[in-house]
Amino acid sequence: MACQLLFSCSTKEPKFQQYYVQGEQLYIKNCSNCHQKDGKGLGLLYPPLDQSDYVDKNLHEVLCLMRHGKEGQLIVNGKKFNKPMRGIPSLTDLEIAEIATYIYNTWDRQHGIIDVKETASVLNSCK
Ligand code: HEC
């Protein structure tokens, strides 16, 4: 995992590239309707993923909500959102890892790859 937090290192890895490219396609297909292609969300209806302090702070929660959805009030960048998001149970562990790798390495984020193994163990512990 030496490369995990070093963007310059992980971007050169074919595995990273594959996750990122797949993740982008999956994001466009499954998420961009609401959160928009540029990740900016839509007013107070759909919260942003770009420049979201929620995304920055809650990797585990973000993985879980892709599968199980989320309801109840959420605060993103000090703004309140409260409209349930349905989970997408058909997404595999790998697909969730790929989408997360895309979200955490685009729009100024440089987290590095979010591996399927790490993702699977988080998904097993979703509340
Ligand atoms: C049908 C619209 C819709 C789709 C499709 C959708 N979401 Fe959401 N998403 C929402 C709503 C609404 C909320 C706010 C939930 C709440 O208020 O509890 C949300 C919240 C979130 C949050 C937490 C708040 C934030 O913006 O930081 C993340 C992260 C997120 N969604 C990621 C995704 C990802 C990744 C996908 C695709 C796999 C996706 N969403 C698909 C509507 C959607």
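Helices here are DSSP runs of H or I with at least four residues, and strands are runs of E with at least two, numbered from the N terminus. The model is predicted.

Start with the ligand. The space it takes is the largest pocket. Around the ligand stand 28 residues, with C31, C34, H35, G72 and M85 the closest. Five elements each supply at least two residues of this shell: α3 (32-35), α4 (53-57), α5 (59-68), β1 (74-76) and α6 (93-103). The largest share, three residues, comes from α5.

Now move to the iron atom of the ligand. Its protein donors are NE2 of H35 and SD of M85, at 2.0 to 2.2 Å. The iron has six donor atoms, and the angles among them run from 86 to 180°. The site is octahedral. H35 sits in helix α3, while M85 sits in the loop between β2 (79-81) and α6, so the pair ties together parts that are 50 residues apart in sequence.

An N or O atom in the H35 side chain lies 2.8 Å from a nitrogen atom of the ligand. A polar backbone atom of G72 is 2.7 Å from an oxygen atom of the ligand. For F81, a backbone N or O atom lies 3.4 Å from a ligand oxygen. Both contacts fall within the 3.5 Å cut-off for a polar contact.

Conventions:
Residues are numbered from 1 along each chain as its sequence is written. This is a predicted model: local features need pLDDT of at least 70, side-chain atom pairs count only at pLDDT 80 or more; totals for chains, interfaces and linings use all residues. Side-chain values use heavy atoms; hydrogens and water are left out. A residue is near a molecule or strand if one of its heavy atoms lies within 4 Å of it. A polar contact is a pair of N or O atoms within 3.5 Å; within protein, one must be able to donate a hydrogen and the other to accept it, and residues adjacent in sequence count only if both atoms are side-chain atoms. On a 1 Å grid over the protein atoms alone, a cavity is a set of points where a 1.4 Å probe fits but cannot get out, and a pocket is an open set with protein on both sides within 12 Å along at least five of seven lines; lining residues have an atom within 4 Å of a point. A molecule sits in a cavity or pocket if more than half of its atoms lie within 2 Å of its grid points. Donors are N, O and S atoms within 2.8 Å of the metal (3.2 Å for Na, K and Ca); water is not among the atoms, so sites may look incomplete. Four donors count as tetrahedral if all angles lie between 85 and 135 degrees; four count as square planar and six as octahedral if opposite donors are over 155 degrees apart and all others between 65 and 115; anything else is irregular.
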